[in-house]
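Here is a short briefing on a protein model. Look at the sequence and the 3D view first, then read on.

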Amino acid sequence: MKFGIFGDIHANLEALSTVLDLMKQEKVDQIFCLGDIVGYNANPAECIELLRKQEVLCISGNHDRFTSGEVDAVIRAETRQVIEYTRRALSDDQMDFIASLPEERSWQDIFLFVHGSPRHKDEYINSLQVARSNLNLLRREKPYVAICFYGHTHLPYVISSKEIITDIHYTKTIELDKKFTYLINTGSVGQPRDQCPLASCAIFDIDQHNITYYRLKYDITTTQKKIIDNGLDPKLASRLEKGR
Ligand SMILES: [Fe+2]
């Protein structure tokens, strides 16, 4: 059985379409999205419709929650502008869809899907210390979880007490060790931040217990043009080609 897993799409239709084409080609059995469907880029409605059409099991990210009502007071001006743009772009039905997303999902209690971290939906796993304390929390409170897939940082990482793999700028397969608990970030579909502009996603093979990361070229120029044409901050366009 194969899971397609990705997150942080951020309304990037060109990147999402490329990733979904790959999932179809690789005949995955179920697709999971780790949140942040909207925000930053210009096609939130179209991305929601694609995910619904393909019956992707989604959870909410902070940008989805910002859009459906819960806005952080310390949010940056350009982010606030995109939230307002996104609210105007979504139908009531699409707004209801993102408002009703769960904060986490699991598959048979063995695989957990969260946006930030197992400890908190908005926590960034951005240091070894945070990663370790979340691995400890999983072992202590959810010892049946083998892998927790997460997003939020936009950085593809494979973390366990055995190893930490961060060099995932190209398509590669990583064999996992069943003796260890893992935190796995599949990177960002629509706004990668690991200095690599390629869309990031992964396929987890349950039987082989390995994960294959895919870094995919997509039509960045079209995505950038839509950001500019819709009056969003040009910095959101330029950062896409730098992958940061
Ligand atoms: Fe995000």
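**Metal site and aromatic rings**

Asp-8 and His-10 are both buried. This is a predicted model. The points below start at the metal and then turn to the rings.

**The iron site**

- Four residues coordinate the iron ion: Asp-8 (OD), His-10 (NE2), Asp-36 (OD) and His-154 (NE2).
- Their distances to the iron ion run from 2.1 to 2.3 Å.
- Along the chain, the donors follow the spacing D-x1-H-x25-D-x117-H.
- The angles among the 4 donor atoms span 85 to 177°, and the site is irregular.
- Why is the site of the iron ion not tetrahedral? Four donors count as tetrahedral only if all angles lie between 85 and 135 degrees, and here the angles reach 177°.

**Aromatic pairs**

- The structure holds 10 aromatic pairs.
- One of them joins Phe-32 and Phe-113, which are stacked at 3.9 Å centre to centre with 10° between the planes.
- This pair links distant parts of the chain, with Phe-32 in strand 2 (residues 30-33) and Phe-113 in strand 5 (residues 111-114), 81 residues apart.
- Phe-32 and Phe-113 are both buried.
- Phe-113 also pairs with Phe-149: the ring centres are 5.4 Å apart and the planes are at 15°, so this pair is stacked.
- Phe-149 lies in strand 6 (residues 147-150) and Phe-113 in strand 5, so the pair ties together parts 36 residues apart in sequence.
- Phe-149 is buried, as is Phe-113.

**Cluster and charge**

- One aromatic cluster is formed by Phe-3, Phe-32, Trp-107, Phe-111, Phe-113, Phe-149 and Phe-204.
- Arg-239 places its charged end over the ring of Tyr-40, 5.8 Å from the ring centre.

Definitions and conventions: Residues are numbered from 1 along each chain as its sequence is written. This is a predicted model: local features need pLDDT of at least 70, side-chain atom pairs count only at pLDDT 80 or more; totals for chains, interfaces and linings use all residues. Side-chain values use heavy atoms; hydrogens and water are left out. Donors are N, O and S atoms within 2.8 Å of the metal (3.2 Å for Na, K and Ca); water is not among the atoms, so sites may look incomplete. Four donors count as tetrahedral if all angles lie between 85 and 135 degrees; four count as square planar and six as octahedral if opposite donors are over 155 degrees apart and all others between 65 and 115; anything else is irregular. Buried means under 20% relative accessible area, exposed over 50%, partly exposed in between (1.4 Å probe, protein chains only). Rings of Phe, Tyr and Trp (its six-membered ring) pair if their centres lie within 6.5 Å; planes under 30 degrees apart count as stacked, over 60 as edge-to-face and the rest as tilted. Helices (H or I, at least four residues) and strands (E, at least two) are DSSP runs, numbered from the N terminus. A charge sits over a ring if NZ of Lys or CZ of Arg is within 6 Å of the ring centre and within 35 degrees of the ring normal.
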